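Here is a short briefing on nonpolar cores and salt bridges. Please look over the model first.

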Amino acid sequence: PLAGTALSLKKELKLTVVTDLHENYPEALKTWFKWKKNPIVRLKNYLFLNPSRWSVFEKKACEQSDKVIAVVDEMKERLIQEYNIDPKKIAVVTNTEDKSFLDQKLDTSVYKTLQGKFIITYSGGIGPHRGVDIAIQGMSYLKDQPEIQLAIVGFGSPSVMNGLQSLAKELQLSNVHFFGYQPFSKFYSYMHLADVNVIPHQSNGHTDNTVPHKLFQGMMAERPLLVSSSAPLKRFVTKYNAGLIFEAGDPRDFAEKAKKLYHDNSLRETLAKNGKAATALGNLNWETTQKELIDLYDSFYQQ
């Protein structure tokens with residue numbers, strides 16, 4: 001939304017404009033408002049946050065900007081295919097995690113209510129596109145494995161959270177636990193002390209063109225991942241062999257992959273070590289990635 005401000009002044013002030021696309025904004029609008037039921041809110045969103053209008057503006061912003069930053073290769077390819085943007089104009093700067101994440105103090109009490117259980121943790125913001133509902137539905141197939149528990153650490157809008165809590169109640173699940181909002185200073189504890197970190201994103205135009213910080217945080221925390229087949233998640237996890245992949249939107253497959261991780265300690269250890277090797281010990285971290293962003297801006301001063 002802020003790109004228009006800079007572009008409107010570009011010619012007059014002779015500005016160099018970089019449009020940094022953290023996500024597929026038009027598609028994100030579709031998913032963010034998917035669960036909104038209030039007719040007045042839906043009308044407001046249709047008038048002012050209409051995805052079709054924002055797609056037109058996204059194309060214009062990419063065409064008029066001097067450089068465009070995408071967060072994943074999938075987003076770059078989309079801009080090339082849909083808008084015919086010059087590939088040389090697009091830089092990919094992934095939102096990897098800073099290694100200082102590992103400096104957070106370990107709080108061993110975060111799962112005191114789940115001691116002795118096999119904990120699958122979802123952490124972070126919660127919205128319709130995050131697929132947390134799929135993970136909850138998946139837990140209904142794991143009732144015969146009472147040791148396996150799902151911890152949901154984070155929050156969303158009241159409508160989203162009420163919907164998820166109602167779903168868990170409707171399915172009569174005692175293996176799903178809502179920990180609510182937690183300070184970021186505890187996220188390493190929640191991730192490191194979990195047995196598995198899950199990212200159950202839906203696969204759509206939004207999630208298939210971005211990647212969450214929690215992917216790299218989970219790898220850095222040295223725990224195996226269970227991710228959906230959303231394109232960027234699948235690509236990263238496959239490349240670094242850091243977790244298992246279930247079919248996006250399929251709760252039964254979620255449950256099957258969760259059981260596989262539960263029963264195979266050796267597999268979990270291998271996936272966890274691979275994740276840490278790629279992030280904390282390798283180049284998949286912000287200390288490395290930030291250089292790409294710095295070099296991009298430095299290049300304008302060298303012209």
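Is glutamate 63 buried, partly exposed or exposed? Glutamate 63 is partly exposed, at 40% relative accessibility. Buried means under 20% relative accessible area, exposed over 50%, and partly exposed in between (1.4 Å probe, protein chains only).

This is a predicted model: local features need pLDDT of at least 70, side-chain atom pairs count only at pLDDT 80 or more, and totals for chains, interfaces and linings use all residues. Residues are numbered from 1 along each chain as its sequence is written, and side-chain values use heavy atoms, with hydrogens and water left out.

**Nonpolar cores**

- The largest nonpolar core holds 31 residues. A nonpolar core is a set of buried Ala, Val, Leu, Ile, Met, Phe, Trp, Tyr and Cys residues joined through side-chain atoms within 4.5 Å.
- Ile136, Leu150 and Leu226 touch the most other members of this core.
- Elements that each supply at least two residues of this core include strand 4 (118-123), helix 6 (132-139), strand 5 (148-153) and helix 7 (158-170). Helices (H or I, at least four residues) and strands (E, at least two) are DSSP runs, numbered from the N terminus.
- Another core lies apart from the largest one. This other core has 25 residues, among them Tyr83, Val211, Val227 and Val237.

**Salt bridges**

- The count comes to ten salt bridges. A salt bridge is a side-chain nitrogen of Lys or Arg within 4 Å of a carboxyl oxygen of Asp or Glu.
- Glutamate 58 pairs with arginine 78, with the closest N and O atoms 2.7 Å apart. Glutamate 58 lies in helix 4 (residues 51-64) and arginine 78 in helix 5 (residues 73-83), so the pair ties together parts 20 residues apart in sequence.
- Glutamate 58 is buried at 6% relative accessible area. Arginine 78 is buried too, at 8%.
- Glutamate 63 bridges to lysine 59, the closest N and O atoms being 2.5 Å apart. Both lie in helix 4, four residues apart, about one turn of the helix. Lysine 59 is partly exposed at 32%.
- Arginine 235 and aspartate 73 form a salt bridge at 3.6 Å, N to O. Arginine 235 sits in helix 10 (residues 231-240) and aspartate 73 in helix 5, so the pair ties together parts 162 residues apart in sequence.
- Arginine 235 is partly exposed at 29%, and aspartate 73 is partly exposed at 43%.
- Salt bridges with shared partners join Glu58, Arg78 and Glu82 into one network.
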